[in-house]
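Dear colleague,

I am passing on the structure below, together with some notes on what was found in it. Please read the notes with the model open beside them.

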Amino acid sequence: MENEGSRPEPREVRLDHRQVRVLAHPLRMRLVGALRVKGPSTATALAEMLGTNTGATSYHLRQLAEVGLVVEDPDRGTGRQRWWQAAHDVTNWESTDFDDDPDARAAIDWIQGDQVRLLAQHAEQWFATQQEWAPEWRDAFGMSDIFMTIPAARLQAIEAEVWELLERHRNEADPAEPGAEQVQIYLAAYPMPKEFR
């Protein structure tokens, strides 16, 4: 089913125990991310983009394919050259999905920690290069926070509402619009440190 902007709905996956254990690897996370952002690619091109070797890239793509996180792109493959694409646009999970499996719990903890490390890396890159951007972008990018005292159900409702807003804007946006840039928006909510509670 397509939305009003004639774009297909994003393909989503809710991670299962096997998928989360396979995904919890630095190169595998980067491979899935690169395929989602840049589109279909070969192991050779991905290795060059991510600064690794083709053998490792090929191995990890096959591991991701075994659990359905990437798939071969049959329309692009020729001979020995295999093209890969992300099987999904969005990965979902709830932290409690893995409470019954210590290995999967450790994997999801690593994945969430890697997301925080990536956020910190992106922020540092932004601070180092922000003067290269036009004033309207410098004013648009950045972070902010707000303090609330609310129950868990209200926090979940806020997150769902903000997510719907972000999806609506993504679906309505025209990537060909002059001045359009790819951006990454993080949504995070954490408890206040104990010393402030």
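D99 is exposed, with a relative accessible area of 53%; here buried means under 20% relative accessible area, exposed over 50%, and partly exposed in between, with a 1.4 Å probe and protein chains only. The model is a predicted one, in which local features need pLDDT of at least 70 and side-chain atom pairs count only at pLDDT 80 or more, whereas totals for chains, interfaces and linings use all residues. Residues are numbered from 1 along each chain as its sequence is written, and side-chain values use heavy atoms, with hydrogens and water left out.

The side chain of D99 meets that of R105 in a salt bridge of 3.6 Å, N to O, the term standing for a side-chain nitrogen of Lys or Arg within 4 Å of a carboxyl oxygen of Asp or Glu. D99 and R105 also belong, with D109, to a network of salt bridges. By this rule the count comes to 10 salt bridges.

Another of these joins R11 and D89, at 3.0 Å from N to O. Because R11 lies in the segment before strand 1 (12-14) and D89 in the loop between strand 4 and strand 5 (90-92), the pair ties together parts that are 78 residues apart in sequence; helices (H or I, at least four residues) and strands (E, at least two) are DSSP runs, numbered from the N terminus.

R21 forms a salt bridge with D101, the closest N and O atoms being 2.6 Å apart. This pair links distant parts of the chain, with R21 in helix 1 (residues 17-23) and D101 in the loop between strand 5 and helix 5 (102-129), 80 residues apart. R21 is partly exposed, at a relative accessible area of 38%, whereas D101 is buried, at 15%.

Turning to the strands, 3 of them form an open sheet in the order 2-4-3, with antiparallel pairing, where two strands pair if DSSP finds at least two bridges between them. The edge strands, each of which pairs on one side only, are strand 2 (41-42) and strand 3 (70-72). Strand 3 and strand 4 pair over 3 bridges in the antiparallel sense, and V71 stands opposite Q85 in strand 4.

W83 lies in strand 4 (residues 83-86) and is partly exposed, with a relative accessible area of 21%. The C-alpha atoms of W83 and Y59, which are 24 residues apart along the chain, are separated by 14 Å.
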